[in-house]
Amino acid sequence: MNNRFHTPTFMVKAALSGSLSILTLGGIFLWLSNSTPIEEGTEKAKADSVQATTEIVAILKTDLMTSEYIAVGAVPTEIASEFLTPSDIEKLVTVSSGDTLMSLLVTAGATRSEAHGAITALADVYSPRKIKPGLDIALTFSPPVAPLTIKEIEKPRDVGPLRAMQFQPSVERIVKVSTTEDNANQYIAEEIHRPLTMKMARSTNEITSSLYLAATNASVPNDIMIKMIRAYSFDVDFQREIQKGDRFELVYEAYYDENNNLAKTGQMIYGNLTLSGDDLQLYRYTPSSGFTDYFNGKGQSAKKALMRTPVDGARLSSRFGKRKHPVLGYNKVHKGVDFAAPRGTPIYAAGDGVIVRANRFSSFGNYVKIRHHSGYETAYAHLKGFAKGMKKSKRVRQGQVIGYIGTTGRSTGPHLHYEVLFNGRQVNPLGVKLPAGEKLKSADLKKFKIEKQKIDRMINELKKPAALAGLQLN
Ligand SMILES: [Zn+2]
């Protein structure tokens with residue numbers, strides 16, 4: 001059996017590289033780099049870290065946030081090996097943007113007629129149009145044969161006829177096209193379903209330098225880490241609140257293939273961040289409203305009525321308070337926070353509410369103001385443009401795109417100037433105590449308590465050494 005592809009059968013589409021130093025989510029900065037360990041809470045250390053933040057551009061690719069997997073290096077070849085011979089030539093090709101399957105196969109050594117036969121067969125089980133850049137395709141060719149025709153002499157190839165083509169469009173699915181045993185010119189396609197087994201996984205670790213590093217050292221898959229950051233982003237300022245000696249704990253769904261390799265992850269079921277001795281527990285639960293969310297032990301939603309940062313992938317470029325104005329040059333109180341991001345980056349409504357203004361507004365350029373409940377308003381300035389349908393009296397939901405990053409009005413470059421107002425006065429969006437989100441009531445609360453007990457019992461089971469041993473042996 002060919003063992004070549006039995007390494008973990010997936011990877012996150014956009015791998016987090018060492019150069020990507022911060023992850024921003026919901027306005028929270030998380031140090032991904034271990035180059036700046038948290039020091040003993042000195043003012044200098046804090047000042048340094050703030051300084052460094054503005055230097056480093058944090059871009060979290062949207063595709064990373066969707067937790068979408070693609071199969072890379074995950075093309076099991078043993079299935080094809082039943083009729084293939086050891087002298088067959090295997091090639092692994094990766095689809096690049098602009099490639100067609102035809103061009104890819106021909107470049108790898110197939111003749112146009114072989115490629116056409118294989119693609120036609122493939123279409124029975126999988127549309128060749130669905131093949132996306134990044135996908136790895138394993139090709140098997142017969143050994144080269146002596147050229148027979150003039151055409152073959154003129155265009156010699158380093159392989160013989162194409163015998164098989166195999167790829168994995170998702171972790172559960174393998175697509176294979178191969179020649180039939182008795183007819184080397186006839187291709188047939190088949191689909192192989194890989195059964196995955198779901199098990200609950202638990203990870204915990206002490207945070208010594210950064211949450212990212214602690215989670216990485218505990219082998220927390222990247223997309224579970226992202227789910228954790230998202231769930232906690234309304235509550236925790238990852239840049240400033242995480243201290244040495246804090247802990248995290250996570251329970252999540254993990255799917256394993258028949259060889260017990262982690263094939264993909266599902267939901268984060270439970271999280272606990274122990275910050276300076278306080279436990280922040282979150283339980284995943286779907287109330288009767290149908291909107292799944294994370295709730296603390298008392299049934300309070302982790303979400304807040306307002307987001308601290310209404311734009312993804314931004315870096316904080318200017319804080320609230322006194323500063324030298326970059327255009328006017330003199331000291332002025334900055335009544336909002338600025339987030340730098342590429343022109344055209346979507347801006348979200350920070351909370352549910354009604355638009356009270358969406359037009360040009362002097363030095364603010366293109367400007368949106370939203371009225372929320374409990375005396376809160378949010379304002380967004382220097383927009384490149386407004387999202388479709390954004391106008392006065394329009395009702396918006398939290399997270400809905402209202403406009404795009406630009407540099408209209410008095411502005412030095414593409415950024416969002418964001419203000420939170422309480423009873424008509426600007427407050428610091430990063431410091432303000434935000435109004436709470438949904439609190440579960442009556443029947444929902446009752447059901448949640450039962451679900452919470454179940455999760456708590458499961459965690460206790462997972463904590464037992466036997467459970468851990470069982471997980472490893474299975
Ligand atoms: Zn500003």
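Entry 1: I started with an open sheet of 5 strands, in the order 10-11-12-13-14 and with antiparallel pairing. Its edges are strand 10 (197-206) and strand 14 (293-295), each of which pairs on one side only. Averaged over neighbours and ignoring direction, the strands of this sheet are turned by 30° against each other.

Before going on, I note that this is a predicted model, where local features need pLDDT of at least 70 and side-chain atom pairs count only at pLDDT 80 or more, while totals for chains, interfaces and linings use all residues. Numbering starts from 1 along each chain, as its sequence is written.

I also wrote down my terms. Helices (H or I, at least four residues) and strands (E, at least two) are DSSP runs, numbered from the N terminus. Two strands pair if DSSP finds at least two bridges between them. For angles, axes are lines fitted to C-alpha atoms (for helices, over the stretch in contact), and the angle runs from 0 to 180 degrees between N-to-C directions.

Inside the sheet I looked at strand 11 (residues 247-256) and strand 12 (residues 262-275), which pair in the antiparallel sense over 9 bridges. Here Tyr256 stands opposite Leu262 of strand 12.

**Entry 2: what lies on that sheet.** Which strands does helix 8 touch? Helix 8 (residues 442-463) packs on the sheet and touches strand 10, strand 11, strand 12, strand 13 and strand 14. Its direction makes about 115° with that of strand 13. Helix 7 (residues 222-232) lies across strand 11, strand 12, strand 13 (278-285) and strand 14, and runs at about 40° to strand 12. Contact here is between two residues whose C-beta atoms, placed from the backbone, lie within 7 Å.

**Entry 3: the whole chain.** I stepped back to count, and the chain has 9 helices and 27 strands. Of its 474 residues, 36% count as buried. A residue is buried if 20 or more other C-beta atoms lie within 10 Å of its own, exposed if 12 or fewer, and partly exposed in between, with C-beta atoms placed from the backbone. Among contacts with a separation of 6 or more, 67% come from residues 24 or more positions apart.

**Entry 4: strand 6 and its partners.** Why is strand 6 (residues 136-141) largely enclosed by the rest of the structure? Of its 6 residues, 5 are buried, so the rest of the structure largely encloses strand 6. I found strand 5 (residues 89-94) paired with strand 6 in the antiparallel sense over 6 bridges, with Thr94 opposite Asp136. Strand 6 is also joined to strand 7 by 5 bridges, again running antiparallel, and there Thr140 stands opposite Ala164.

**Entry 5: helix 4.** Which residues of helix 4 (residues 112-122) are buried? I get Glu114, Ala115, Ala118, Ile119 and Leu122. They sit on the same side of helix 4, because they cover an arc of only 125° around the axis; the arc is that of the directions from the helix axis to the C-beta atoms. The face turned away from this buried side carries the exposed residues Arg112 and Ser113. The buried residues of helix 4 pack against helix 3 (101-108), strand 7 (162-170), strand 8 (173-179) and strand 9 (187-193).

I then looked at the helix pair itself. Helix 3 and helix 4 pack at an angle of about 135°, and their axes are 9 Å apart. That makes helix 3 oblique to helix 4 (under 35 degrees counts as roughly parallel, over 145 as roughly antiparallel, 65 to 115 as roughly perpendicular and the rest as oblique). The contact uses Leu101, Met102, Leu105 and Val106 of helix 3, and Arg112, Ala115, Ala118 and Ile119 of helix 4.

Entry 6: Strand 20 (residues 353-360) pairs with strand 24 (residues 395-396) in the antiparallel sense over 2 bridges, where Val354 has Arg395 as its bridge partner. Strand 20 also pairs with strand 21 (residues 366-371), antiparallel over 6 bridges, and Asn359 stands opposite Tyr367. Strand 20 and strand 21 form a hairpin with 5 residues between them, and in the turn Ser362 has a positive phi of about 40°.

Last, I found an open sheet of 3 strands in the order 19-25-23, with antiparallel pairing. Strand 19 (346-348) and strand 23 (385-386) are its edge strands. Strand 23 pairs with strand 25 (residues 401-404) over 2 bridges, and Phe386 has Gly403 as its bridge partner in strand 25.
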